Structure formats: structure tokens, C-alpha cells
There are 2 protein chains.
Amino acid sequence: MSTMWPGQGLSVKVDDVLFHQRSDFQDVCVLRSPAFGTVLTLDGVIQCTERDEFAYQEMITHLPMCAVKGEPKRALVVGGGDGGVLRELARHSCLEEIHIAEIDGMVPEVSKKYFPQMALGFKDNRVRVEITDGIKFVQDAAEGSYDVIIVDSSDPVGPAQVLFQKPFFDAMHRALRPGGIVCTQAESLWLHLDIIKELARMCSDVFQGGQVRYAFTTIPTYPSGQIGFMICTKASGEAHDARIPSRPPPAQTQQPGWPPMRYYNSDVHRAAFVLPQFAKEALAKHLTL
Amino acid sequence: MSTMWPGQGLSVKVDDVLFHQRSDFQDVCVLRSPAFGTVLTLDGVIQCTERDEFAYQEMITHLPMCAVKGEPKRALVVGGGDGGVLRELARHSCLEEIHIAEIDGMVPEVSKKYFPQMALGFKDNRVRVEITDGIKFVQDAAEGSYDVIIVDSSDPVGPAQVLFQKPFFDAMHRALRPGGIVCTQAESLWLHLDIIKELARMCSDVFQGGQVRYAFTTIPTYPSGQIGFMICTKASGEAHDARIPSRPPPAQTQQPGWPPMRYYNSDVHRAAFVLPQFAKEALAKHLTL
């Protein structure tokens, strides 16, 4: 239950509490559920489960990575301390540097211990981890230094609220090279259409001359069973359509022990941008047509 | 909670129980929820809510109606006693006859009283209502007499179990004209992949020379937030691809008081057949490529 989805909640049977501690920023808890395997909650809200995390991690990563024009060399993750987005970025052999700015050092530690399949991402030798404020990190980054920035945040209440606001988007826009893409966790069409509308309006303002689009994935353990992404392309003078992949998915040949990709493919990429009529109408004014 | 989705459940705050009675077939209950409006449950399982029913009713109806080749004149609904599918069928002016075979007479009565926006469908003068066993009704239908058959059933436990079995699909195949389409409620990719696989295998057997495809819609109040449809086309000798609409959505001009369509459009039609990689791989053997 949460003020973000009043009057409803997902009930999950829990066999065990594996870890429960307050970090400097939030309540961190790891549960064992017969239906979803190991579950991470922050401030009581499910962040990821062993069973369905791939639907989120693959989509928030491969949508921008496969849409961006020109070979991406440098990617940044803001948040994402569980390592799942790093794992998906690491599948892209074209990347030379993968940075992550996570504010809460407890999250990577907990992930390495209880979610080894997600924390795999930390093992890639292109990854540089900074336990720091993501906004400050982005503001300090060199102008035009990233091809892709992924914001893997919790909901816009509490510590993640600033990650939904204009100063942060201005800083990301500056840190992207022309044609670069920001992809941010952007809530549920079924529950948060007003938040999404406001976010899209602000992004259109920041990414003038570029593109602002919305895509979504299905995922049973997020409220309403889906979550979306705001995908903003910085103007480059070249024509671009983030709905059409510029490159194929990364090769499925992985190091031993890595899970295969289970959600994303190029058809899923294109379909993810097709919105139900009610959402299309509500967002028409603020998204790129 | 249900054996159909062990270890998880959707919790919905309830303000009022508006109706609660046992019919000859099942427990029928109408609740008032602040988040979802009026809610219908059968045997304790949410069947539809005022807030999101359109996502299901529009998709189970317009997918087959807009995919079928040649103008559909006669449609049959099996189940669907709430009237929502009838409402969506009634938007298609090409239809001359709309039949419904619902086993439980209490459901239409409850819907007319508590869900007037769904029960609108019963007012269309092309609609003929039969309170009867759907299987018997289909077996008695003239061969090749329907263009489209929609099976709007509850889950394959209890009274609806037979609606997932081969004798019923054989009867529907016989009752369809060549090129006609059956569209059935076919559970969740996230929860019931084994049921779906088995259903697809059986449908491929029945609809030999035709097509068997799977599409899905998002809907917050069904387990895992989505539900799918098995869409089977009877062989006609002509090429056909149910993923591509043969006709535009019905006109939005409605009688006064009718709600507009809010989910389906032609792009949503095409995108609904694009399955996540894990589902595509699991069903590849049994669906038409």
C-alpha cells in the first residue's frame, strides 16, 4: 500500500525475511517469496524480484541502447544500485565505459549478497561505481560526455523526488552528446497519467529540437503490472525515431553463468511505444508525434 | 488469492458490498472500491471493474472483429453475461445478428442493475440473449453460421473448465464459416504459460490449415496486470494474418450516453501480438509463425 497507488496493493506471500536494516537514506529489506523468489524492497515498496526483474532491466537498458544512433561508447546509470541495468549494459560490447552513480551504498552490498544474478553487472571491468548523489555527479560530468544515461530510480516520493525535476533533466541534457538518449523510470500509465503528463511536458521543454517518447513494459510486481520509460533524445540535426531500433539486440553469447535475455527483442522495442488509446490521447500534446 | 496464482493476490480497498448472492452456478458479488469503482466478482475472483473493464472488453472484441476477412454479419458471445463484449460488438454497424449464450442468468441481471455502462450492450436490437449452456448452444448452431465467436469466460477451474477443452473448440470450429475467427480469454503469459502452451497445442490441432495466434492486453485488476487471448482463424484457402487489421476500428460516433473507445486502435492491434522473448520462445512451436 502507498500514497502512490491508494486503495490497492499487491499481496505477496513471504516465507522469510533475509535482511532488514535502515541505511542512511531508506529502509532496505530482502524477502523470500515462494511466487517471486528473492524480493528487494526500499521503504516498503518492491524494487525488484528474482522472477520478473529482467522485464524491467532489459527494457530500461536496451530501449535507449538499441535506439541511439552512432555506436554508444559511454553510458551512465543513475540509481540502479542492484546492478541489473549494469548487467544489461555489459551485454553491449561497443561500450567502453559504464559509470554508475548510486546514492545508497547499502543497495549494491545487499544485491551482491542476495541477488547474485543481478549483481553480475558489477563484475564487468568497464564498470566504475560511485556511491554519490546522482544529480551532483551529472552536474559535474563533462558536457556531451555520455551517449546514454539511464535513470533507474524509485518513485517520486522521498529520496528520488529530485530525479523527476527540471534541474536534473537540464544537467542530463548537458551531459549528453548530440543524438544521445536519456531513459528514465516513468511510472504507470494506469496509475500515474498526471505525473507522466507533467514529466513529458517538462522533458519537451528541456529536449527542444529533440524527441520525447514514452514506452512501457509489463511486470507483475510493479503496481498495475506495468511500468513505463520516458525516452528523450538530444537534438542533433539528424532525423531520428527512437521507436525504431538502430541496431540489433546484443548477442546472446555471454560469459558462463550469465542469464540469457528473456524480454527484449527488436519487435518488442517497436511495440513498447504503442500506447493504449486513452494514454495516446492524454499524452499527445507533450510527446513527439 | 487463488490456486490459479499461488502466493500472491491483489488487495483492493472496499467501501461497500452492494450485492452478494449464490446463483445456481457460482458466488456472485458486487463491491464498491474507491480505486476501481464498482467491481464484479464470481467465486471471489475479480471479473471486471468499472475503471478498467474497457481494456479487456475492447480487446477481446475488436481484435477478432477487425482482423476477420469479409464483412462480419453474425457474431456469438459465449459467457460475457456482464454485457461488455455485447457493447463493443454493437459498435460494429456491419453486424446483423449478435447472439450471446450465458449459463448464469444472475450475471446479466446484476450487470443491468450495477454496471449500466457495460449492460448497454443488451439494449442493441440486434442482440439475442440465451440463458443456456454455451457448449450445447454452439453444438446446436448451424455449420458455418458465425463470422466471429468470442469466449468471454472465467478461469479454467469450476464452471468454465469445459470452455478450455477440445470438444468445445471442435464445436466452435464447425460453427464458424471458413475464414471466421474464434477469440477466447486465454490467461496470463506471466502466470499461466503452461496452460497457454497446452491450449495453443490443442487449438493448432483443431484449426488445421488455419491460424492460431496469441495477443494480450494490460489490465490492472487481473492477476499480473495482463490477460491474453487465443485467436484462431478457420482455414479458408485464402492468405490471412490476424495480426494485421483488415478494417479500421468502428466509428466513434455512438448513441448518446455510450462511452468512447479507450484502449483499442489499429496500432494497438498490431502491437498486441508482439510477445516478450520468453513467451515467444515458449509458444513458438504451437503458434502460427
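Reader: Is A:D43 buried, exposed or partly exposed?

Author: A:D43 counts as partly exposed, at 42% relative accessibility. Here buried means under 20% relative accessible area, exposed means over 50%, and partly exposed lies in between, with a 1.4 Å probe and protein chains only.

Reader: What kind of model is this, and how are residues and chains labelled?

Author: This is a predicted model, in which local features need pLDDT of at least 70, side-chain atom pairs count only at pLDDT 80 or more, and totals for chains, interfaces and linings use all residues. Residues are numbered from 1 along each chain as its sequence is written, chains are lettered from A and ligands numbered from 1 in the order in which they are written, and side-chain values use heavy atoms, with hydrogens and water left out.

Reader: Back to A:D43: where does it lie?

Author: A:D43 lies in the loop between β4 (37-42) and β5 (45-49) of chain A. Helices (H or I, at least four residues) and strands (E, at least two) are DSSP runs, numbered from the N terminus.

Reader: What about its phi?

Author: A:D43 is not a glycine, yet its phi is positive, at about 50°.

Reader: And what is the phi of A:S224?

Author: Phi of A:S224 is near 75°, which is also a positive value in a residue other than glycine. A:S224 is in the loop between β11 and β12 (226-233) of chain A. A:S224 is buried, with a relative accessible area of 7%.

Reader: A change of topic: which residue does UniProt list for "active site"?

Author: The unreviewed UniProt entry lists A:D152. UniProt positions are given in the numbering used here, feature names are shortened, and annotations may be inferred rather than shown by experiment.

Reader: Where is A:D152, and is it buried or exposed?

Author: A:D152 is in strand β9 (residues 146-152) of chain A. A:D152 is buried, since its relative accessible area is 10%.

Reader: Which residues does A:D152 touch?

Author: Not counting residues up to four places away in sequence, A:D152 touches A:Y56, A:Q57, A:I60, A:V78, A:G79, A:G80, A:D82 and A:V85. Contact means heavy atoms within 4.5 Å.

Reader: How are chain A and chain B related?

Author: A rotation of 180°, with 0.0 Å of shift along its axis, superposes chain A on chain B with an RMSD of 0.0 Å. The two copies are therefore related as by a two-fold rotation axis. In chain A, the C-alpha nearest the axis belongs to A:G225, 2.0 Å from it. The superposition is by least squares on the C-alpha atoms of residues with pLDDT of at least 70 in both copies.

Reader: Through which surface do the copies meet?

Author: The copies meet through the same surface, because 100% of the interface residues of chain A are also interface residues in chain B.

Reader: How many cavities of 30 Å³ or more are there?

Author: A search of the whole structure finds one. About 240 Å³ of space lies in the largest cavity. Of the 20 residues that line the largest cavity, the closest to its centre are A:F216, A:A271, A:V274, B:F216 and B:A271. A cavity is a set of points, on a 1 Å grid over the protein atoms alone, where a 1.4 Å probe fits but cannot get out, and lining residues have an atom within 4 Å of a point. Grid points are joined across faces, edges and corners, and a volume is the space filled by probe spheres set on the points.

Reader: Which elements supply the lining of the largest cavity?

Author: β11 (211-218) and α8 (266-272) of chain A, together with β11 (211-218) and α8 (266-272) of chain B, each supply at least two residues of that lining.

Reader: How many disulfides does the structure hold?

Author: The structure holds zero disulfides over all chains. A disulfide is a pair of cysteine sulfur atoms within 2.5 Å.

Reader: Lastly, where is A:A200, and what is it in contact with?

Author: A:A200 is in helix α7 (residues 193-206) of chain A, and counts as buried at 0% relative accessibility. Leaving aside neighbours within four places in sequence, A:A200 is in contact with A:V212, A:M230, A:H286 and A:L287.

Methods
1 Å grid on protein atoms, 1.4 Å probe; cavity = no way out; pocket = protein on both sides within 12 Å on 5 of 7 lines; lining within 4 Å.
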